[in-house]
Amino acid sequence: MKIDRFIRSPVLASDELNLVHDQLSGPHRVLATLLRKTAARVSEGLAVRWRYVTPTSIVFIKTTTKTKQTRSVPLDPTLAKELSAWKQLVNPNGDPDAWVFPGRNPDEHLTRRGFDHALRKACTELNLKGFSSHGFRRSFLTSTHQAGVPLRNLQAISGHASLNQISVYLEVPEQAKTDAVMLSA
C-alpha cells in the first residue's frame with residue numbers, strides 16, 4: 001500500500017481497474033484509460049498532443065519522457081474508441097497542436113494534481129487504499145508479464161532504460177509462487 005508517497009502503488013486486477021475507471025469522468029476517465037492501456041507515466045500521458053495520436057499508435061516524444069527517448073505504443077481498440085469520442089468534445093476542429101487533455105488555460109494541459117485528486121476521490125469511494133496514478137503502469141506491466149509477454153517487449157512499451165528497472169514494477173502473486181514451488185522436482 002502506498003502511504004504518503006512511500007511504498008509502491010498496488011497492482012489491481014482488470015475488474016478493479018474497471019471500477020476505478022467507472023468512478024472517474026471527463027478527462028480523468030480518458031487519461032486513466034490511456035495510462036492503463038499504454039503503461040505511460042502520468043506526466044507522459046498529460047503531455048500528449050493530438051498530432052501524436054495516430055490511427056495505430058500513440059507517440060510519446062522524447063521531451064516528455066523520463067528517459068528522453070521517443071517511443072511509440074500501439075493503440076488499443078478500447079483506447080482508440082475513447083480517444084475518438086473525446087476528440088469530438090475537446091478538439092472538434094482537429095487542431096493537431098491541441099492538448100489531448102486541455103487544462104483551464106488553453107496553453108496548458110490538465111495538471112497532474114487535478115488527476116491525482118480525482119483518482120484519490122474515486123479510490124476513496126471504492127475503499128481502495130494506496131492506489132496511485134503509477135498503479136496503472138504497474139498493473140499493465142504485471143498483468144501482461146503474467147500473460148507471457150516477454151520483458152523486452154514490455155520494455156519497448158514502457159520505455160524503461162533497463163530490464164532491471166522494469167523488474168521493480170512486476171508483482172508476483174502468492175499463487176504464482178505456490179505454482180512455481182509445486183512445479184519443482
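**Fold and selected residues of a predicted protein chain**

Of the 185 residues in the protein chain, 38% count as buried, where buried means under 20% relative accessible area, exposed means over 50%, and partly exposed covers what lies in between (1.4 Å probe, protein chains only). The structure is a predicted model, in which local features need pLDDT of at least 70 and side-chain atom pairs count only at pLDDT 80 or more, while totals for chains, interfaces and linings use all residues. Residues are numbered from 1 along each chain as its sequence is written, and side-chain values use heavy atoms, with hydrogens and water left out.

The protein chain holds nine helices and two strands; helices (H or I, at least four residues) and strands (E, at least two) are DSSP runs, numbered from the N terminus. Read from the N terminus, the order of elements is α-α-α-β-β-α-α-α-α-α-α. The radius of gyration of the protein chain is 17 Å, close to the 16 Å given by the globule rule for 185 residues, so the chain is as compact as a globular protein of that length. Here the radius is taken over C-alpha atoms, and the rule is 2.2 Å times the number of residues to the power 0.38. Along the principal axes, the C-alpha atoms fill a box of roughly 65 × 35 × 30 Å.

Contacts tell us about the fold as well. Among contacts in the protein chain with a separation of 6 or more, 58% are between residues 24 or more positions apart; contact means heavy atoms within 4.5 Å.

A polar atom of the Thr 38 side chain lies 2.6 Å from the backbone oxygen of Leu 34. Neighbours within four places in sequence aside, Thr 38 is in contact with Ile 58, Phe 60, Val 73, Leu 79, Phe 140 and Ile 157. Ala 39 sits in the loop between helix 2 (26-38) and helix 3 (42-46), and is buried too, with a relative accessible area of 0%.

Most residues other than glycine have a negative phi. Ala 39, although not a glycine, has a positive phi of about 60 degrees. Asn 127 likewise has a positive phi of about 60 degrees without being a glycine. Asn 127 is found in the loop between helix 5 (112-126) and helix 6 (134-146), and with 57% relative accessibility it counts as exposed.

Helix 6 contains Ser 139, which counts as buried at 2% relative accessibility. The Ser 139 side chain reaches the backbone oxygen of Gly 135 at 2.7 Å. Residues up to four places away in sequence not counted, Ser 139 touches Pro 10, Val 11, Leu 12, Leu 17 and Phe 131.

Finally, Val 100 lies in the loop between helix 4 (77-90) and helix 5, and counts as buried at 0% relative accessibility. Beyond its neighbours within four places in sequence, Val 100 is in contact with Val 48, Arg 49, Trp 50, Val 53, Leu 83, Trp 86 and Val 90. Val 100 and Phe 60 are 40 residues apart in sequence and 12 Å apart in space, C-alpha to C-alpha.

Notes
A polar contact is a pair of N or O atoms within 3.5 Å; within protein, one must be able to donate a hydrogen and the other to accept it, and residues adjacent in sequence count only if both atoms are side-chain atoms.
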